[in-house]
Amino acid sequence: MYKSITFALTRTATAADQTAEAVKYIRRKGRSDLSARGEPFLWGLGGALAFGMLMIFGFLALIVWNGLVTFYPKPVQVVTLSDGTLLAGEPSRSEVYKPGPQVLEHLDEPARQAIAAEHGYARRTLFRTGNFDLYNEDFRWASDFSIVSVAEPADVYFIERIEWGPFVGFIRSLNLKGETVSGAALTRQILEEAHRRAVQRRELIREIEREEIGAVNHRLNSERLKLKRIALKQGENSDTYRQAAAESLALQETLQGRYHDLARDAQAVKAEDAQYTVTLAEIGGRGKTIPLSQVVRFTLPNDMSFFEKIRLYLSRWLEFLTDEPREANAEGGVMPALFGTFVMTVLMALAVAPFGVMAALYLREYAKQGKLVSVVRICVNNLAGVPSIVYGVFGLGFFAYICGGTIDRLFFPERLPNPVFGTGGLLWASLTLALLTVPVVIVATEEALAAVPQSMREGSLACGASRWQTIKYIVLPRALPGIMTGLILAMARGAGEVAPLMLVGVVKLAPELPLDGFFPYIHLERSFMHLGFHIFDVGFQSRNSEAGKPMVFVTTLLLISLVAFLNATAIVIRNRLKRRFLIGHF
Amino acid sequence: MEEPDRSFPAPSGARRRAAERPGKARRSVVLADRIADRAITVGGVFVIIAVFGILIFLIEEILPLFKGGAITGVSEYDTGITFESPPVLNIDEYQSIVVALSPDGTLETFHARTGRRLHAPAFDFQGKKLSAMGHTFDREVLAFGFEDGTVRFAGMVLKTEILTPDRLPPGLDVLDDRDLTDGAAVYSAVPGNQFRKVSVELGLEEELRVSTPGIPIVAVDCSAGGMAERPTRALVTVNSAGEVHLSVTESRLNLLTRKAVTKTDTTVLPPIPRGTEIRHVLLPSKADHVYLADRSGTVYRYNIQRFETPFLAETRRLLPSGVQLNSMGFLLGEQSLVAGGSDGSVGIYFRLDRRDATTADGFTLVRTREFEPHEAPVSSLEPALRGKTFLTADQSGRILLRHGTSEATLLRMNGGFEKTRALVIAPRLDGVLALAGDGHATLWNIAVPHPETSFRTLFGKVWYEGYPEPGYTWQSSAATDEFEPKLSLVPLIFGTVKATFYSLIFAIPIALLGAIYTSEFLDRRIRGTVKPVMEMMASLPSVVLGFVAALVLAPVVETWIAAVILAFLVLPACLVGASYLWQFLPERLSLRLQHWPKSVLILCTAVFGLFLAWRSGPLFEDVFFQGSFVLWVNRSHGGAAPFLFLVFLPVSFLAVSAAASRMYGRRLKLFMRGTGSFQAAGLSALNQLGVVTVSILVSGILALLCDRLGLDARGSFVDTYVQRNTLVVGFAMGFAVIPIIYTLAEDALSSVPEHLRAASFGCGATPWQTGLWIVLPTALSGVFSAIMIGMGRAVGETMIVVMATGNTPIMDWNVFNGLRALSANIAVELPESVKDGTLYRVLFLAGLVLFAMTFCINTLAEIIRQRFRRRAMQL
């Protein structure tokens with residue numbers, strides 16, 4: 001291709017008559033001709049760039065807008081449909097669609113003509129009606145042609161619940177331990193006070209069940225494992241074992257007793273809690289009584305001031321960032337996923353930084369620069385382009401099954417056949433990602449090392465410094481910003497990577513955080529949650545992808561902000577570096 | 001960070017001391033230097049080795065796939081059981097007991113590992129003489145036919161129980177290091193301080209009168225099927241008069257009374273010709289067909305799907321004339337019919353629906369698989385209870401273990417004796433027992449971990465069970481054990497290539513043209529913001545792209561598909577049209593506006609083009625696709641011509657404009673030079689308009705012509721519309737690939753030395769001429785390597801293809817259909833595969849293929865890029 005172009009070039013150049021014409025023309029008019037300006041082609045090039053930028057900004061705008069508005073309270077509309085049914089819900093989005101022939105058949109003439117005028121398209125709105133326990137669906141479409149009237153009554157509640165998603169409807173009565181409050185007596189204060197107490201009870205139950213009973217269970221389990229370990233080591237007929245078994249039995253009995261006490265406590269609180277209920281009614285009049293503690297918050301979206309809305313918006317964000325997920329991850333918060341992403345990225349950086357820098361130092365400062373090193377360099381460059389899923393395959397096969405399996409056999413024989421390290425987990429995920437990103441760090445570090453002028457090294461060595469002293473005091477400080485850039489870019493890539501993690505330890509719901517109050521406090525073998533996998537899971541594997549969509553957008557916004565933040569940091573560091581050492585390298 | 005001066009905190013005293021002893025460094029410095037040396041060398045080499053270790057590890061993991069099998073141990077012994085005609089053998093899962101049931105009904109058992117005879121229970125036929133015997137596939141249900149024409153069902157089960165040590169009978173004899181015996185059953189210690197007892201349990205049922213009384217039964221077969229609460233058993237008998245009877249027994253357990261109600265129906269099948277000596281009777285467990293075969297190799301296939309009216313569907317010689325059918329039997333799943341001939345040949349037949357079949361039910365037996373022939377006549381055939389593995393033996397004593405799907409010979413064994421009489425494969429596929437007529441037995445311990453994979457099954461065409469023809473198929477798992485795994489990697493590789501291809505034809509033009517514009521024509525200030533934005537996009541998590549593609553883009557594209565297609569035409573048309581309008585601008589004005597205002601104008605034009613496409617989408621759909629593109633593409637309505645017209649339009653436009661410039665291009669150019677700029681702009685716009693008109697005419701005529709000839713784009717690269725399709729993947733992957741190609745290409749273009757540009761401008765070339773003829777050719781190899789790296793990324797992309805395609809492993813180029821890529825397949829199936837199982841290793845192989853593909857592409861790109869760097873340095 002290159003040849004043909006140069007050929008064309010020479011041909012134009014040697015076309016003598018043409019040159020003469022051009023010279024004549026330039027003398028006469030002093031203007032270039034239109035084909036030389038290539039205006040249509042220029043516009044084509046520019047159009048491609050414009051389209052690319054439009055794609056990117058459209059994409060970012062979509063994510064940012066959807067992510068930001070999700071938590072802002074929307075009005076609840078009560079819609080009367082042409083068949084007489086009532087529908088109450090948040091209008092979540094509207095779109096243009098093509099009604100099928102069956103739908104058109106049942107329409108009256110003006111509506112049909114209106115659709116025909118739009119080439120068969122009609123507009124419809126998706127209402128988030130909630131009340132999944134009553135309707136068996138969260139969302140309903142209502143076509144514009146079937147809507148008779150829309151109202152926004154002030155007294156319609158949007159109630160977020162622990163289970164079954166939101167409830168849209170009215171509060172009929174409050175049942176406080178046998179005492180029923182309804183009608184005008186049911187003021188906002190009474191409701192909020194009762195709800196506050198209910199939330200306290202819910203947290204008390206949670207504390208007993210998760211924290212205290214959890215601790216007892218943990219001790220019971222570790223006692224059992226300790227005994228099994230002794231049995232494996234000394235044999236079941238040894239004296240040590242018998243002694244330990246007797247001790248363990250006594251301890252287990254005390255723990256069992258404690259467990260029963262706690263369970264009784266929890267039961268008592270639950271029984272108390274069950275006496276405080278709220279009776280709700282959906283728009284069609286069907287009632288539903290739920291314990292007050294099942295309610296996360298009551299809102300009157302049609303009767304809120306701007307500041308109330310902002311407060312609600314912020315409190316929802318707070319809940320999102322600090323709470324645990326509920327409703328199969330489609331609601332609640334993402335704290336465990338955020339935490340998992342953070343811990344994994346930090347562990348990965350800890351693993352990748354020393355090794356990547358070491359390899360780069362070796363390649364650039366120690367190894368003899370020859371054919372072999374340049375081949376190795378090409379290969380390292382290429383490894384940065386090897387698909388992440390391949391690293392995941394390797395991580396599962398080598399780290400989890402081979403390394404982890406060996407660790408289990410050597411150190412945790414009492415837990416077999418249940419794997420401890422012999423399955424995907426935080427450590428293996430971090431190491432896999434470290435391996436995935438090590439080429440990025442090597443390449444960046446090498447470039448940074450190469451940018452340090454050779455004369456500085458020579459100067460240092462000439463002053464009598466040893467090689468290590470030169471590296472430590474002269475080369476590394478200058479290369480540090482470049483290394484940091486590489487590391488941050490690696491972290492950004494690692495934080496956004498999902499495919500390999502699906503193989504080496506990410507789960508949709510991890511019951512325990514990798515960090516807790518039990519020795520050794522950080523549990524590297526545990527599986528964990530990850531923002532990227534959270535997106536995949538909620539978007540694709542939840543009961544209703546539509547219900548999870550707002551949540552996915554917010555999670556996406558969070559993940560993109562995280563990655564963008566890391567990238568922006570890297571770019572800022574790089575720019576500062578460029579300004580500091582104005583040494584170009586191609 | 002630090003100033004260079006501060007980096008040397010050496011105290012002046014130390015310096016003085018060092019100066020006093022020239023050439024001597026402090027010990028700590030030397031030590032630190034040496035430690036750092038070692039650490040960095042070891043660490044560096046370790047990292048590099050670790051990174052390459054991936055490749056070695058992957059290869060090591062997949063090697064077992066291509067190894068057939070191995071014999072891990074042989075034990076030979078004399079059982080002391082002699083027999084005339086071959087008995088039915090059965091062995092338990094743990095290789096403890098072997099049961100040999102002779103054709104005369106006598107039962108012998110012995111210990112499988114030592115050959116020691118054990119006491120066996122016996123069937124009591126009350127003095128009747130056995131004349132035929134049949135059994136189900138798992139050999140647990142037997143059918144006996146007697147000389148008086150009666151038949152009896154029987155059960156012969158090798159029962160396994162787990163006992164605690166206190167339930168162990170006293171005074172057990174030691175058989176070998178594992179097993180003990182009380183004379184009849186075998187006991188072996190199992191982990192957890194328990195014992196496993198394996199014993200033989202027999203049961204004989206009441207006489208059934210299925211066949212004509214008094215006429216001896218010569219052949220019988222039985223099958224057991226149905227559900228657990230409604231078991232059915234079927235029985236087919238052939239008597240010496242040539243009559244064939246079929247009986248189906250259905251037992252129904254009444255849930256209230258707990259009483260079993262048994263119902264037996266008998267029917268007579270059309271008779272076979274008199275004097276035919278039936279050698280084989282096969283009745284599949286579904287009891288829908290009966291296969292009879294005589295000595296000469298003629299197979300009679302009865303269709304008994306309608307029980308009341310069975311008919312003889314097909315009569316066929318399976319083997320060439322002169323060759324006898326020595327063995328015939330099903331493989332697991334009872335779809336593959338194996339036939340072994342007296343010429344040593346072994347082949348598999350499927351019952352397939354063939355249009356040209358001359359049989360009564362439209363199905364015919366087709367020989368689909370051919371195996372390595374024996375050198376001597378085939379003497380016996382034994383299928384395994386797991387997978388499609390089977391054994392064949394010939395009369396010279398050679399035994400071959402083969403696999404039905406891969407057609408491979410996994411193991412070769414030689415009995416070392418003249419006539420192997422009976423064979424059996426252990427249920428776990430870990431042993432083969434051969435018993436000779438003189439009581440000599442050989443037990444081979446074998447290991448065949450991955451019998452179903454070979455190079456051919458992974459990469460070649462395979463004729464799978466129930467498929468009308470050989471093909472490439474990926475289907476790794478199903479609900480039943482009888483399923484034949486289809487592990488061809490070809491559809492997955494195809495999926496990867498398809499996704500890469502479509503995403504690149506979308507991404508390359510946008511990225512490259514954008515990069516050229518950025519480096520050569522864009523205002524420097526805008527460039528400073530555009531470039532980092534694009535770079536940031538390169539690190540956008542692909543899960544986000546996948547999510548947006550699948551849940552936002554896919555429904556939108558489905559609704560607006562016509563507008564999307566139209567945009568591919570309208571957007572370039574708008575840009576070109578606007579450029580002709582721009583040429584009308586007076587030169588002074590256009591020079592003043594040529595920097596950022598022009599770029600902004602281009603952006604506005606692009607937005608306008610998209611808007612226009614969106615608004616005119618419905619009209620376009622009405623005119624070209626009769627109102628619905630999705631229906632059109634499903635071939636519900638409409639002709640081929642409109643779409644062909646759209647496809648031909650760009651091609652004919654290029655052809656017409658090339659022809660036009662050839663014909664009068666230069667004359668027009670020269671003429672335009674003589675006119676003013678306004679007239680020239682008008683002339684060129686007019687010329688372009690003419691070209692467009694002619695090309696519309698040409699492509700219209702071409703489209704009509706092709707339509708007449710019966711050409712249709714549907715069926716090739718456009719066909720049935722699926723919501724999550726390759727078009728959407730191409731878009732989404734564009735987000736991932738465009739920034740990479742753009743950034744690298746832009747780097748290559750802007751690193752072309754400035755003096756080349758200056759020289760070109762100095763010669764009077766315009767920016768456009770400089771860009772096209774000077775900068776692009778110089779940077780071409782760099783640009784090419786950018787494309788290669790983008791391709792590498794597209795090949796390995798996982799989350800986008802997992803989420804935005806339907807993950808259907810099909811092989812067609814239809815842009816509106818889904819695909820299943822290698823990477824997506826790994827992500828979906830590896831978490832559920834069993835460690836070290838066949839699927840696990842095949843997925844590792846998929847990983848290796850992916851690794852190799854990207855590694856090759858990237859290495860090529862890297863080499864090209866290095867050459868480019870060298871050349872750019874020289875300039």
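A contact means heavy atoms within 4.5 Å. In the predicted model, residues 24 or more positions apart account for 62% of the contacts in chain B with a separation of 6 or more. Chain B holds 18 helices and 33 strands. Of its 875 residues, 53% are buried. The radius of gyration of chain B is 39 Å, whereas a compact globule of 875 residues would have a value near 29 Å. The C-alpha trace of chain B spans about 120 × 100 × 60 Å along its principal axes.

Helix α9 of chain B covers residues 596-625. At 1.5 Å a residue, its 30 residues should span 44 Å. The end C-alpha atoms lie 41 Å apart, which agrees. An α-helix has 3.6 residues a turn, so residues three or four places apart point the same way.

After α9(B) comes Q626(B), with a positive phi near 50°.

Leaving aside residues up to four places away in sequence, V29(B) touches S466(A) and Q469(A).

Two open sheets of chain B were examined. One has 4 strands in the order β25-β26-β27-β28, with antiparallel pairing. Its edge strands are β25 (378-383) and β28 (409-414), and each pairs on one side only. Neighbouring strands of this sheet are turned by 20° against each other on average, direction ignored. Strand β25(B) is joined to β26(B) (residues 389-394) by 5 bridges, and the two run antiparallel. Within this pair, L381(B) has T392(B) in β26(B) as its bridge partner.

The other open sheet has 7 strands. Their order is β6-β7-β8-β12-β11-β10-β9, again with antiparallel pairing. Strands β6 (130-135) and β9 (173-174) of chain B stand at the edges. Each has a single partner strand, so one side of each is left without a neighbour in the sheet. Inside the sheet, β10(B) (residues 179-181) pairs with β11(B) (residues 186-190) over 3 bridges, in the antiparallel sense. There, D179(B) stands opposite S188(B) of β11(B).

Chain A supplies a hairpin. Strand β9(A) (residues 276-281) and strand β10(A) (residues 287-291) run antiparallel and are joined by 5 bridges. L280(A) stands opposite K288(A) in β10(A). The hairpin has 5 residues between its strands. In the turn, G285(A) has a positive phi of about 105°.

Note on methods
Residues numbered from 1 in each chain as written. Chains lettered and ligands numbered in written order. Predicted model: local features only at pLDDT ≥ 70, side-chain atom pairs only at ≥ 80, totals over all residues. Heavy atoms only, no water. Expected span 1.5 Å × (residues − 1). Pairing = 2+ DSSP bridges. Axes fitted to C-alpha atoms, helices over the stretch in contact; angles between N-to-C directions. Rg over C-alpha atoms; globule rule 2.2 N^0.38 Å. Buried < 20%, exposed > 50% of the residue type's maximum accessible area, 1.4 Å probe, protein only.
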